There are 2 protein chains.
Amino acid sequence: MADLNLTRTLTQTGTTKIVMLVMDGLGGLPRTPGGPTELEAAATPNLDRLAREGMTGLLHPVDIGISPGSGPGHLGLFGYDPLSFLIGRGVLEAVGIGLQLTDDDVAARGNFCTVDGDGVITDRRAGRISTDECARMVGLIEDIALPGVETIVKPVRDYRFALILRAPGLSEALNETDPQRTGLKPLVVEAQKDTAEARRTADLVNQWVDAVRVRIKDEHPANMVTLRGWSRTPGLPTFLEVFKLKAAALAVYPMYKGLASLVGMDLIQGLANVDDQLAALAKLWNDYDFFFVHYKYTDSRGEDGDFDAKVAEIEKVDRIIPRILDLKPNVVVVTGDHSTPSVLRSHSWHPVPVLLWAPGTTRANPDVTGFGETQCLSGALGQFRATYLMNLVTAHALRQAKYGA
Amino acid sequence: MADLNLTRTLTQTGTTKIVMLVMDGLGGLPRTPGGPTELEAAATPNLDRLAREGMTGLLHPVDIGISPGSGPGHLGLFGYDPLSFLIGRGVLEAVGIGLQLTDDDVAARGNFCTVDGDGVITDRRAGRISTDECARMVGLIEDIALPGVETIVKPVRDYRFALILRAPGLSEALNETDPQRTGLKPLVVEAQKDTAEARRTADLVNQWVDAVRVRIKDEHPANMVTLRGWSRTPGLPTFLEVFKLKAAALAVYPMYKGLASLVGMDLIQGLANVDDQLAALAKLWNDYDFFFVHYKYTDSRGEDGDFDAKVAEIEKVDRIIPRILDLKPNVVVVTGDHSTPSVLRSHSWHPVPVLLWAPGTTRANPDVTGFGETQCLSGALGQFRATYLMNLVTAHALRQAKYGA
């Protein structure tokens with residue numbers, strides 16, 4: 001298994017430039033038996049060229065037969081074993097809306113719910129209120145003050161919000177307040193460890209929940225909250241520490257900026273589309289060693305179940321490849337954080353096509369004429385766990401010392 | 001991961017004969033994009049025949065994306081996980097000049113350096129004195145006696161020498177004396193553990209360093225030493241214990257004899273070239289089960305950056321194959337301890353071609369017509385970590401029991 005502590009001792013600084021282009025949910029399945037996948041159906045002359053000149057393979061973002069969430073999928077690509085580094089639900093919710101967490105933060109995922117006159121839950125999701133209504137509700141509770149603690153409350157989507165308590169000496173060892181079914185009252189928060197920190201944090205959260213109850217008891221349909229997924233930032237060693245790479249994240253969506261921030265990449269703000277991303281890539285070319293470029297819509301169209309639309313998104317990405325090559329990168333990696341076959345309309349466990357293009361340091365990719373799932377089976381990289389990808393990337397960028405004499 | 005403790009319970013004695021031919025630095029890269037590697041460019045009719053009749057694949061000596069040193073590379077081929085068994089710098093230096101270490105030995109790498117009248121280091125490498133000068137300097141200090149301890153001092157190369165203290169009850173828990181920059185005096189050795197063994201060893205080393213100072217203070221440019229890389233033999237279980245194989249090392253260069261000695265192979269002395277190696281192979285055929293035959297020059301020519309010369313070395317090795325087959329071996333393995341592409345002039349992370357020829361116990365190697373990196377991608381062995389190789393070898397030699405009933 002790729003080991004960050006080993007990697008850290010081998011990586012070296014350098015002048016080579018690396019671009020990692022992640023097409024979210026890239027991998028797919030045939031629409032009809034024996035037919036092409038989305039990637040195989042797409043006309044991708046530029047990716048095909050990189051596949052011929054570089055090396056291809058298939059990667060397992062988490063492990064064989066495991067369907068990754070976006071968090072684990074990206075951690076794997078970034079070289080952090082998603083089976084070792086867990087991102088709690090509360091942290092993922094906060095990171096997913098672009099909040100940057102500090103080591104002092106304890107985060108929870110909140111749900112607005114509906115309770116009756118006795119405080120018994122009648123709808124755990126408050127009729128799935130709209131995101132706008134969620135934002136209005138958050139406006140009613142976001143200024144609740146707690147002694148010695150900064151509280152941050154932000155709407156996420158529908159009935160979901162993020163809660164962060166920020167102060168030294170807090171604990172995430174708390175029970176969830178959602179009783180997981182209607183007909184029960186929200187649970188009181190209690191310390192799950194016998195420590196002063198956990199007891200203090202439980203007291204603070206109960207104070208906060210009590211204040212929320214008073215503030216929103218006359219609202220409808222959302223008139224109460226539940227809290228779950230108590231967690232802290234996973235404390236990942238940074239990309240700079242592990243790989244000696246100064247890294248920039250060129251992402252449009254908050255979730256992917258958040259994931260990049262967990263490994264210490266610089267977040268480039270104000271990017272609304274792929275043209276903005278490419279302009280930023282060119283502008284920042286001399287300032288960074290590593291560029292993470294994230295493209296969301298391949299996953300979105302897969303989740304929609306729209307095979308043809310996913311094909312079209314892949315073709316859009318193919319057309320930006322020449323603009324990346326114009327910058328003369330030393331290593332280009334193109335892959336996805338997981339598969340999202342449009343026939344399944346969801347993330348899947350299928351290994352993800354990957355291509356690694358690095359002039360002068362790659363071997364032949366026999367019989368490979370293009371970039372697609374079936375051809376990747378014959379690629380020189382074989383099938384491997386995604387945690388090895390950054391080892392391969394830094395090796396091909398000539399940024400690794402040998403192991404042992 | 002291959003597990004020696006498991007292997008040890010499965011292996012059995014037998015009468016089959018195994019030859020492992022290691023072409024150092026065998027793996028390569030194309031000189032021009034799309035062209036052949038060194039191995040693919042070489043005319044290797046005999047290896048091609050073995051590849052067709054046996055099975056081929058690609059092995060990762062340490063792990064995916066890691067460039068191995070010679071020590072870890074060979075440990076992997078011998079079945080010992082180089083990520084679990086570390087060879088300290090002092091031990092490697094001793095082993096590299098053919099010294100055989102006992103369990104009583106503590107080894108350090110020594111550097112001759114230059115100090116000024118106050119004992120402050122002005123050149124950490126004494127102007128990189130020649131190996132001959134190093135040998136003369138060693139002659140001045142090799143007979144320094146310590147109470148109850150045998151000391152062994154041998155020149156290595158340039159300003160480097162090996163120091164071994166041999167006595168029961170010594171410790172390697174000592175600090176390095178090299179301050180890592182000029183303008184400072186060599187550090188005094190102190191125990192890094194609070195044990196009588198460590199304190200005693202530190203005292204002994206300081207006595208030795210004091211005696212060295214007196215002996216060479218008027219020499220020039222080397223007039224002092226620093227010591228680093230304190231280590232003991234890694235205490236590997238022997239080849240005989242793990243694999244039930246009586247093994248002979250037929251190597252010309254001291255480093256590879258030293259590595260073979262760490263796993264308990266018998267070192268066959270006095271071999272100056274491949275003809276000597278083959279003569280010894282024939283002569284000792286009835287005395288051993290396993291023969292490690294090491295060929296250095298494939299790596300040397302790769303390190304030189306000389307593609308054509310590496311091709312020529314590979315062709316030389318190909319021509320000895322019939323003489324090996326004449327002995328009727330049951331298993332022949334041909335591989336390398338790492339790749340040394342001549343275009344990179346260094347060890348690299350690229351997986352190494354391997355062929356395993358074992359009449360009657362191998363499956364078809366589909367579409368494979370010869371031995372080369374690209375064809376090995378389609379080989380029946382696939383890509384695998386080198387630690388599995390000895391499992392495959394003993395299995396194909398019919399020297400393994402089944403696991404479980």
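Some ground rules. What you see is a predicted model, where local features need pLDDT of at least 70 and side-chain atom pairs count only at pLDDT 80 or more, while totals for chains, interfaces and linings use all residues. Residues are numbered from 1 along each chain as its sequence is written, and chains are lettered from A and ligands numbered from 1 in the order in which they are written.

**Stop one: chain A.** Switch to cartoon view and you'll find 14 helices and 13 strands (DSSP runs numbered from the N terminus: helices are H or I with at least four residues, strands are E with at least two). The radius of gyration of chain A is 23 Å, close to the 22 Å of the globule rule for 405 residues, so the chain is as compact as a globular protein of that length. (That radius is taken over C-alpha atoms, and the rule is 2.2 Å times the number of residues to the power 0.38.)

**Stop two: bring in chain B.** Chain A can be laid on chain B with an RMSD of 0.4 Å by a turn of 121 degrees and a shift of 0.0 Å along the axis (superposed by least squares on C-alpha atoms of residues with pLDDT of at least 70 in both). That's the relation of a three-fold axis. Now click Ser378(A): in chain A, its C-alpha is the nearest to the axis, at 4.3 Å.

**Stop three: strand E3.** Select residues 105-115 of chain A; 11 of the 11 residues in this strand are buried. Side chains in a regular strand alternate between the two faces of the sheet. Here, Arg109(A) and Asn111(A) are among those pointing one way from E3(A), with Gly110(A) and Phe112(A) among those pointing the other way.

**Stop four: the neighbours.** Which strands pair with E3(A)?

- E6(A), residues 160-166: antiparallel, seven bridges. Look for Asn111(A) opposite Arg160(A).
- E7(A), residues 224-231: antiparallel, six bridges. Arg109(A) has Arg228(A) as its bridge partner.
- E4(A), residues 121-123: antiparallel, two bridges. Thr114(A) stands opposite Asp123(A).

Finish at the hairpin of E3(A) and E4(A), which has five residues between the strands. Gly119(A), in the turn, has a positive phi of about 85 degrees.

Methods: Buried ≥ 20, exposed ≤ 12 C-beta atoms within 10 Å, placed from the backbone. Pairing = 2+ DSSP bridges.
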